[in-house]
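Student: I have the model open. Can you take me through it, one feature at a time?

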Amino acid sequence: MKIRSVFRVIPVPVFYTDRMPAGVGGQARFMLVFIRPKYKEDEGIHQHELAHVELFWATLGLKTFIQLFSKKFRIWNEARAYARQMDFPDAFGHYLTWAEAAARLAGPHYGFGLTLEQAKRAIFDAY
């Protein structure tokens, strides 16, 4: 476990585990972050998940409930996290590209039904 922070003052425990759905590199659950051990040195994925925790605190926890009812909010939340992730390198010093981020956002994992262009636009708007 490692402690990171959001808003420079709120501690966020980061747990390194493979206990998450297949194809997922990290997850934010409420005020906790879970990341696969193989991504322990990937700052981009850490920042992606920390962006979700920031939003949790910024909405006083309401983010979780808003996402249940608003697909548009869920898309914005993920686009915002990918926009943040693109600013930080992975463990090899590589940065996530617009095309890679859009492909992930438009992918079947999220079930948003977005085209690549719609996903790029959502990330661009969140950037």
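**Reading the fold**

Student: Which residues is R80 in contact with, leaving aside its neighbours within four places in sequence?

Tutor: Contact means heavy atoms within 4.5 Å. With those neighbours set aside, R80 is in contact with A51, E54, L55 and A126. A caution before we go on: this is a predicted model, where local features need pLDDT of at least 70, side-chain atom pairs count only at pLDDT 80 or more, and totals for chains, interfaces and linings use all residues. Residues are numbered from 1 along each chain as its sequence is written, and side-chain values use heavy atoms, with hydrogens and water left out.

Student: Where does R80 lie, and does it count as buried or exposed?

Tutor: Helices (H or I, at least four residues) and strands (E, at least two) are DSSP runs, numbered from the N terminus. R80 lies in helix 3, residues 71–85. Buried means under 20% relative accessible area, exposed over 50%, partly exposed in between (1.4 Å probe, protein chains only). R80 counts as buried because its relative accessibility is 19%.

Student: What does the side chain of R80 reach?

Tutor: The backbone oxygen of A51, at 3.0 Å.

Student: How do the axes of helix 3 and helix 5 cross?

Tutor: Axes are lines fitted to C-alpha atoms, for helices over the stretch in contact, and angles run from 0 to 180 degrees between N-to-C directions. Here the two axes come within 8 Å and cross at roughly 70°. Angles under 35 degrees count as roughly parallel, over 145 as roughly antiparallel, 65 to 115 as roughly perpendicular and the rest as oblique. Helix 3 and helix 5 are therefore roughly perpendicular to each other.

Student: Which residues make that contact?

Tutor: Helix 3 brings I75, A79, R80, Y82 and A83, while helix 5 brings A122, I123 and A126. Ala, Val, Leu, Ile, Met, Phe, Trp, Tyr, Cys and Pro count as nonpolar, Asp, Glu, Lys and Arg as charged, and the others, Gly among them, as polar. The contact of helix 3 with helix 5 divides into seven nonpolar residues, no polar and one charged.

Student: How many residues does the largest nonpolar core have?

Tutor: A nonpolar core is a set of buried Ala, Val, Leu, Ile, Met, Phe, Trp, Tyr and Cys residues joined through side-chain atoms within 4.5 Å. The largest one has 14 residues, and Y82, A101, L105, L114 and I123 have the most contacts inside it. Helix 3, helix 4 (98–106) and helix 5 (116–126) each supply at least two of its residues. Helix 3 gives the most, with four. A second, separate core of 10 residues includes V12, Y16, V33 and L50.

Student: What about backbone angles: which phi does R8 have?

Tutor: A positive one, about 65°, although R8 is not a glycine. R8 sits in the loop between strand 1 (2–6) and strand 2 (10–16). Its relative accessible area is 81%, so R8 is exposed. L60, also not a glycine, has a positive phi of about 55°. Its loop runs between helix 1 (43–58) and helix 2 (63–69). L60 counts as exposed, at 77% relative accessibility.

Student: Does R74 count as buried, exposed or partly exposed, and what is it in contact with?

Tutor: R74, in helix 3, counts as partly exposed, at 26% relative accessibility. Leaving aside neighbours within four places in sequence, R74 is in contact with Q67 and F112.

How values were computed: A polar contact is a pair of N or O atoms within 3.5 Å; within protein, one must be able to donate a hydrogen and the other to accept it, and residues adjacent in sequence count only if both atoms are side-chain atoms.
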